[in-house]
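Please read the following points alongside the coordinates. They are set out as a colleague's note, one topic at a time.

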Amino acid sequence: KMRGLLVSYVSLAWWIGASLTSGLAYFVVDPYGWRGLMIGTALLFSPSILFLAILGESPRFSAKKGDWDGAERTVNLEAKLNCTTGIRKIRLKTEEYDD
């Protein structure tokens with residue numbers, strides 16, 4: 001029941017990002033050129049890099065690397081955010097993750 005709302009947020013984020021970038025380009029390209037636009041865009045959206053530190057690895061990646069506790073934490077966090085129950089123990093076939 002939350003999927004539609006979350007997809008709307010993602011769509012809204014794309015719209016806001018595109019609008020901010022085009023607004024920045026309008027004011028920056030003439031006086032500073034394309035290099036100024038690249039620097040301005042990097043500065044404007046650099047806070048999004050912080051999310052990389054906050055977000056954990058995917059459960060599949062953690063399980064593939066043998067970090068079963070990390071995979072379990074990620075699944076439980078996602079379950080908490082989705083208002084559902086988590087899992088007590090991850091049970092996966094190990095041969096699924098052998099390369």
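1. Phe45 belongs to helix α1, helices here being DSSP runs of H or I of at least four residues, and strands runs of E of at least two, numbered from the N terminus. With a relative accessibility of 30%, Phe45 is classed as partly exposed, because that class lies between buried, under 20% relative accessible area, and exposed, over 50% (1.4 Å probe, protein chains only). Beyond its neighbours within four places in sequence, Phe45 makes contacts with Gly17, Leu20 and Thr21, a contact being heavy atoms within 4.5 Å. Thr21 is 24 residues from Phe45 along the chain, and their C-alpha atoms are 9.5 Å apart.

2. This is a predicted model, in which local features need pLDDT of at least 70 and side-chain atom pairs count only at pLDDT 80 or more, while totals for chains, interfaces and linings use all residues. Residues are numbered from 1 along each chain as its sequence is written, and side-chain values use heavy atoms, with hydrogens and water left out.

3. What does the span of α1 show? Helix α1 covers residues 3-45, and a straight helix of 43 residues would span 63 Å at 1.5 Å a residue, yet the end C-alpha atoms of α1 are only 25 Å apart; the expected span is 1.5 Å times one less than the number of residues. A bend of about 135° is found in α1 at Tyr32, taken as the angle between axes fitted to the seven residues ending there and the seven starting there. The buried residues in α1 include Gly17, Val28, Gly36, Leu37 and Gly40.

4. One aromatic pair turns up in a search of the whole structure. Tyr26 and Phe27 form this pair, edge-to-face, with 5.0 Å centre to centre and 85° between the planes; rings of Phe, Tyr and Trp (its six-membered ring) pair if their centres lie within 6.5 Å, with planes under 30 degrees apart counted as stacked, over 60 as edge-to-face and the rest as tilted. Both Tyr26 and Phe27 are exposed.

5. Helix α4 has 14 residues, which should span 20 Å at 1.5 Å a residue, and the 20 Å between its end C-alpha atoms agrees with this. Gly70, Ala71, Glu72, Thr74 and Ala79 are the buried residues of α4, and their cover includes α3 (59-64). Just after α4, Cys83 has a positive phi of about 60°.

6. Thr74, in α4 (residues 68-81), is buried at a relative accessible area of 15%. Its side chain reaches the backbone oxygen of Glu57 at 3.4 Å, and a polar atom of the Thr74 side chain lies 2.9 Å from the backbone oxygen of Gly70. Not counting residues up to four places away in sequence, Thr74 touches Glu57 and Pro59.

7. Ser62 has its place in α3 and is buried, with a relative accessible area of 6%. Glu57, Asp67, Gly70 and Ala71 are touched by Ser62, leaving out residues up to four places away in sequence.

8. For the chain as a whole, there are four helices and zero strands, in the order α-α-α-α along the sequence. Of its 99 residues, 14% count as buried. Among contacts between residues at least 6 apart in sequence, 26% join residues at least 24 apart.

Methods. Polar contact = N/O pair within 3.5 Å; in protein donor to acceptor, adjacent residues only side chain to side chain.
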